[in-house]
Each structure stands twice: as structure tokens, then as C-alpha cells.
Amino acid sequence: MSRILVVGAGIIGLSCARSLLADGHEVSVLDRDPAGDKASFGNAGGVGVTEIIPASVPGLVWKVPRWLFDPLGPLSLRTAHLPKLAPWLVRFLRSGSWPDVERIAGALAGLSARTYEDMLPLLAELDLLGDLHQVGALWVYETREGFEADRRFYDLRRRYGLVFEEMSGAEAREMEPALSDVVRHALFTPQWSHVSDPKRIVDRLRVNLEQRGVPMLAGEMAALADGAVVTSAGARLPFDHLVIAAGAWSGRLAKLVGDRALIESERGYNTTLPNPGVSLSCEVIFAERQFVATPLDMGLRIGGAAEFAGLEAKPNYERSKALAELARRYLPGLSIAGGTRWMGHRPTTPDSLPVIGRSPRRGNVFYAFGHSHTGLTFGPTTGRLIGELVAGRTPCVDVAPFGIERFQ
Ligand SMILES: Cc1cc2nc3c(=O)[nH]c(=O)nc-3n(C[C@H](O)[C@H](O)[C@H](O)COP(=O)(O)OP(=O)(O)OC[C@H]3O[C@@H](n4cnc5c(N)ncnc54)[C@H](O)[C@@H]3O)c2cc1C
């Protein structure tokens, strides 16, 4: 048994803490605000098992300028952030060859294949199995051109046993009558799920761990001294093993260890509409416009966008509003009055692979971050992997592609 300090009380840190506790370790969690807002609270709630295609793909570079000129489009960069973003951006553009896409998809498929095996026991333990809706998801397209352009990605996913059933716009409307006739083509993916409320899972997991003796310490990791984390308030927290699971802030913490990680905040926005005036039975992905609508307990959540502006810039909630307005194109009965707007920091690496593994500098430091669009989906499996790595057991998924060494 060893003393393990986990930094970060999001879905990833708490999943790691849970696995480590199950192995009999003495676990503590440090977060600057354990119960405070974070990416793990306001996300779209999708269990996106098909999300194995990286963001950087061949041909993307030609779409980027068009997106960048649209101030409320799916992608934006704040120019003041460009100098900091440059190394990440260069690596992002370099990761977009087809062989890279195939390699990355193969690595993520390893995580995807374990999703339910690791998530169901977690939800059962938290008495939240009823919060998982295994009803699939629908990807919708307005144009044959857009649909055909993505065919190679669906074919690649199919190689890993992921199912996509092609349908016409009319068939999609039979399934989801709220959709307008701008939808001409669709794909149904039955393996996808969504949850009732991503925050409820994280809140319940945090409370459950606390009740089982895991202290949730409020403080900010500011430095690393001999075998201890030092917080910004000067507290010294000794550990035998340290797990860094601090989401989009993890790059700064890896630097304190002496490791380099290319990780950026890919800021995402949404609006949750308590009285949307329409209903959906499953998550709908508006594939050509890069946003989604999920039917959650508290209303219909419409979100997406990728904004690169760093960790400190103020949110631009016009993005939340723009997405809700855009959704009316697809859901003509949608009422966007009275929505709650939100922004969260997706922790995103340039190759879309998370960082899961041991520090090459310090053998007692482990990393679990960089889950980008799939932290809810791959969180429980990441926790399991960290448990296995700390214990020296063979990990259930090959973690070699997720090593931080790739950024050195
Ligand atoms: C708009 C949006 C939609 C999304 N939709 C989905 C989806 O449908 N499905 C899905 O699987 N994923 C989705 N995601 C991604 C998912 O939310 C993230 O990948 C996941 O929440 C990351 O979890 P985390 O624990 O790594 O980070 P976080 O939840 O951000 O937690 C990190 C924690 O670390 C703490 N911390 C940071 N620095 C320090 C420090 N120095 N000291 C102490 N504590 C520190 C922070 O306070 C924070 O609490 C979405 C994300 C966004 C933004």
C-alpha cells in the first residue's frame, strides 16, 4: 500500500482515485476547487464510443481558413494566443496524414472497446445505471457531398467493429420527428449512449470516495519538492506516488515534473434549454457544422465549437447563443428562450491521443490527461489503466501510444 496523491477532481482524477482505492492504497485528491465547475460537469453527456478519429485529418487544412473567417464558426483562434499555440498547432497539422489517422484510430479503438466494461461497474456502484441511455446516436448531413467526404472515416471505424447504419433524411425523421427536411442523409450508430447528467456522475463519485475515506483537499498544486506537492498556499503534501489528472492545466504541472506535454484548452460552448419545445430520443450530431444536441435530464443541451484562446481569456458566450440559433435550422420547433450558457476547457493534445502513463523523469509520477472530446467516455478505463500501471500489472490496453515521451 502506498500514499497516492491525485491532482484533479474531474472525471479522470476521480476515476483514477477509485481504481487506486480498490487496490488498497491510501488515496487523497487535491483540486483547487473539488466541487467547482469543470469540463467534466457541463459536457454534452455523450458516451462516444465511435470517437476514434483524430481532429487533424487530411484535407482539414483547406477548411480551416473558411472556419476562421466566420467569427462564430466551429473553430476560432484568438490572435493574442497564437504565439503560445504555435508549437501545438504545428504538431497538430503534422499529425494529419492518413497513416497517422489510422495509427491514432487504432490506439483509441483500444480504449473504446473497453468503455462499457469499465463504465457499467462505476455507474452500478454509484446507483446510476438508470442514468445511462443506451439508445445510440444519429449523425445527420445536409449534403451528399459532406456525407461522402466522411465515408472513409466511417469505414475506418467499421474496421474496429463500430456500427454505422446509413439512412435517408426521411428515415432519420421517422426516428427523430423534430428534424427538419434540411437533413438529407444520416447514419445511426447503435453503440453510442448518453447520460442523464454528466455532473451528477462526477458529484456522486466524489461524495462516494469521500465517504470511503478519500480526502478531497482544496488547494492548487504550485510546485514539486522532494516527494511532496507544494500548494500555492504553502502546504506540503507528501506522496509515494503522484497522479496528475488536472485536465487542460496538466501541461503546466508536467513541466514542474520536468516533462513536456503539448496540451491546449480547446474551449467548447453550449446552451442547455429547459423548455426546448421539441424532443429528441437520442443524441444528434450535426456533422457538417460540428455541433450536437443531447436530451439530458435538465433539458436539451446544444453545444460544440473549438476555440483556442488559452486558459485565462473570458468566455465569449455569443458562441453558445450562435449554436442554439443554428440548431433551429435542423429543429424548426426549437425554442431557445431561457437557456443556460456554459464554456468548458477540453484538454486537447495535437494528435487527439490522451496522455496515460508513467513519467520518464520520475518513476513515481503518473499522467492521466488530454482526453479532449472523450473524457466522460474514456474516464473509467483511464482510471483502470492508472491502477494497473501503479500496481505494475499488465495494462488492459496497450498504453505505449499514450506516453508523454512523444512530446519530448
Ligand atoms: C463543450 C464540451 C462538450 C463535451 N462533450 C463530451 C461528451 O459528450 N462526451 C465525452 O466523453 N466528453 C465530452 N467532453 C470532454 C470531457 O468533458 C473532458 O474530456 C473531461 O471532462 C476532462 O476531464 P478531466 O478530469 O481531465 O478535466 P476537468 O474536468 O477539467 O478537471 C480538471 C480538474 O483539475 C483541477 N486543477 C487544475 N489545475 C490544478 C492545480 N494546479 N492544482 C489542483 N487542481 C487543479 C481543476 O480545478 C479541475 O477541477 C466535452 C467537453 C466540452 C468542453
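Guide: A cavity here is a set of points, on a 1 Å grid over the protein atoms alone, where a 1.4 Å probe fits but cannot get out, and lining residues are those with an atom within 4 Å of a point. This is a predicted model, in which local features need pLDDT of at least 70 and side-chain atom pairs count only at pLDDT 80 or more, while totals for chains, interfaces and linings use all residues. Residues are numbered from 1 along each chain as its sequence is written, and side-chain values use heavy atoms, with hydrogens and water left out.

Searching the whole structure turns up one cavity of 30 Å³ or more, and the volume of the largest cavity is about 30 Å³, counted as the space filled by probe spheres set on points joined across faces, edges and corners. Its lining consists of I11, M119, L122, L123, I201, L376 and P380. By class, the lining has seven nonpolar residues but no polar and no charged ones, where Ala, Val, Leu, Ile, Met, Phe, Trp, Tyr, Cys and Pro count as nonpolar, Asp, Glu, Lys and Arg as charged, and the others, Gly among them, as polar.

The shell numbers 34 residues, the closest being D31, S40, G46, S372 and T377, and a residue belongs to it if one of its heavy atoms lies within 4 Å of the ligand. These residues divide into 13 nonpolar, 16 polar and five charged. Backbone N or O atoms lie 2.7 Å from a ligand nitrogen at G46 and 3.1 Å from a ligand nitrogen at A44, while a polar backbone atom of S372 is 2.8 Å from a ligand oxygen. Because domain 1 (3-41 + 199-262 + 352-407) and domain 2 (52-106 + 132-196 + 264-348) both give residues to this shell, the shell lies between them; the bounds come from an automatic or database domain assignment.

The second largest pocket (an open set of points with protein on both sides within 12 Å along at least five of seven lines) holds about 590 Å³ of space. It is lined by 20 residues, of which K84, G251, R252, I263 and E264 are closest to its centre, and α4 (82-94), α11 (250-257) and β15 (264-273) each give two or more of them. Nine lining residues are nonpolar, four polar and seven charged. This pocket also lies between domain 1 and domain 2, because both give residues to its lining.

Notes. A polar contact is a pair of N or O atoms within 3.5 Å; within protein, one must be able to donate a hydrogen and the other to accept it, and residues adjacent in sequence count only if both atoms are side-chain atoms. Helices (H or I, at least four residues) and strands (E, at least two) are DSSP runs, numbered from the N terminus.
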